[in-house]
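This report describes a structure for a reader who is new to it. The sequence and the structure are shown first, and the description follows.

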Protein chains: 2
Amino acid sequence: MISKTQIKLINSLSQKKYRQKHGLFIAEGIKVIKEILASSYEVTDIFSKTDVFSLLKPTNLHLVTEKELKKISKLTTPQTALALVKIPPVKKVNLSGVVVALDGVRDPGNLGTIIRLCDWFGIEHLLCSPDTVDCYNPKVVQASMGSLTRVNIHYRSLPEAIEQTALPVFGTFMEGENVYQQNLPSEGILIMGNEANGIRDDVARMVTHRLSIPQFGANGATESLNVATAAAILLSEFKRA
Amino acid sequence: MISKTQIKLINSLSQKKYRQKHGLFIAEGIKVIKEILASSYEVTDIFSKTDVFSLLKPTNLHLVTEKELKKISKLTTPQTALALVKIPPVKKVNLSGVVVALDGVRDPGNLGTIIRLCDWFGIEHLLCSPDTVDCYNPKVVQASMGSLTRVNIHYRSLPEAIEQTALPVFGTFMEGENVYQQNLPSEGILIMGNEANGIRDDVARMVTHRLSIPQFGANGATESLNVATAAAILLSEFKRA
């Protein structure tokens with residue numbers, strides 16, 4: 001059973017302002033919800049077609065019909081369950097290790113994929129410029145596949161955040177040094193730019209090491225890599241050494 | 001101006017069976033359309049809010065209003081123009097170099113991103129199992145950003161295609177050899193599996209070199225990388241040598 005008030009609340013959480021107002025976000029799918037239950041994040045309610053979750057943790061489990069689930073799901077094909085999760089307080093930490101910084105990444109799928117990559121490569125901190133898509137956007141949560149709970153995500157002015165560290169700053173530029181020929185350090189900030197416009201001038205000015213990923217295509221007509229695949233290649237280079 | 005018949009035709013092209021029936025697919029956005037105009041692909045019609053294309057090539061340019069464009073666009077936020085493009089005949093070729101093979105990749109965004117990656121890394125041939133998402137799906141065309149015209153895409157039974165070559169066959173598996181420690185050849189088939197289920201048994205059986213991408217996360221909770229980011233890391237390793 002699900003009430004009209006609950007449906008209204010859940011649907012409002014597609015928008016950032018209501019996520020912030022209620023301090024809640026949506027996660028869908030058994031796999032993602034299980035990962036969140038196993039983390040320090042607090043799940044307040046689960047709306048599910050099956051009672052698979054009652055075995056895992058005491059929580060407010062609401063058994064719902066397929067039709068009810070369709071009313072609240074943000075997916076084209078709703079999964080078995082949807083959970084409401086509390087947005088955790090922002091941790092204040094010193095940046096260390098390899099830090100990924102996103103300068104205006106707008107696509108939720110790209111951000112989710114980058115969060116999953118950070119988790120895979122053991123990146124603890126992800127810096128996001130204030131205009132980067134919200135990490136609690138339902139599509140980001142979905143694409144991050146539960147990795148969201150294992151990466152510290154900070155929304156801050158990138159120039160300000162960079163100024164406060166002594167870490168070297170890396171960014172990719174057309175005329176940068178071949179990343180395959182670099183001796184990359186174990187600490188540093190790796191900046192990835194916006195999908196269409198790349199890294200903004202005020203951030204680019206703070207880059208101490210300009211890198212490039214060489215292009216192997218015969219005709220050189222491809223202009224760029226997708227930001228998430230470029231991040232994958234760069235993180236692989238930082239960590240493989 | 002756009003007629004009702006044209007609107008009906010264009011909207012039918014969201015479905016593979018109508019794309020095959022009419023031999024046409026849709027491409028949206030000035031950047032993507034310009035890349036297609038510069039290729040060997042034949043554009044039959046362009047529906048555009050501006051006449052930017054008339055300077056480029058003689059083609060059927062239809063000036064349309066924003067409202068008309070909304071009726072035919074497959075995007076949430078329609079771009080300036082939409083083109084109808086002829087599906088080219090399938091080329092019969094011998095596979096050579098590094099070939100990427102997809103075993104049931106279902107997400108259009110993933111396929112589009114992989115096509116763009118192939119273009120970047122100079123991969124000429126992309127093999128797709130018959131159940132891989134259609135490369136002329138509007139979302140694939142969009143995500144491939146014009147790279148579609150520069151990669152030969154073959155839909156075939158992977159076991160049959162692999163049997164007909166003498167190329168070494170690579171795939172990633174949990175227990176595979178660390179890809180960072182391999183001497184990778186300049187020719188071979190790299191198999192990427194389905195998003196949820198990985199590589200199927202009948203294809204896995206034909207893999208001659210089992211690889212793995214090491215995980216650096218502290219807690220080892222991430223189960224997998226997104227298929228497009230895994231492809232990015234592996235292609236980077238094949239080509240960086």
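Two salt bridges are found across the interface of chain A and chain B, a salt bridge being a side-chain nitrogen of Lys or Arg within 4 Å of a carboxyl oxygen of Asp or Glu. In one of these, A:R240 is joined to B:E237, with 2.8 Å between the closest N and O atoms.

## Basis of the model

This is a predicted model, in which local features need pLDDT of at least 70 and side-chain atom pairs count only at pLDDT 80 or more, while totals for chains, interfaces and linings use all residues. Residues are numbered from 1 along each chain as its sequence is written, chains are lettered from A and ligands numbered from 1 in the order in which they are written, and side-chain values use heavy atoms, with hydrogens and water left out.

## Extent of the interface

Chain A and chain B each bring 32 residues to the contact (heavy atoms within 4.5 Å). The area buried between them is about 3,100 Å², with 58% from carbon and sulfur atoms; buried area is the accessible area (1.4 Å probe) that two parts lose on being put together, summed over both.

## Strand β9 of chain A

Strand β9 (residues 188-193) of chain A has six of its six residues buried (under 20% relative accessible area, 1.4 Å probe, protein chains only); strands are DSSP runs (E, at least two residues), numbered from the N terminus. A:G188, A:L190 and A:M192 point one way, and A:I189, A:I191 and A:G193 the other.

Conventions: Buried < 20%, exposed > 50% of the residue type's maximum accessible area, 1.4 Å probe, protein only. Helix = DSSP H or I, 4+ residues; strand = E, 2+ residues; numbered from the N terminus.
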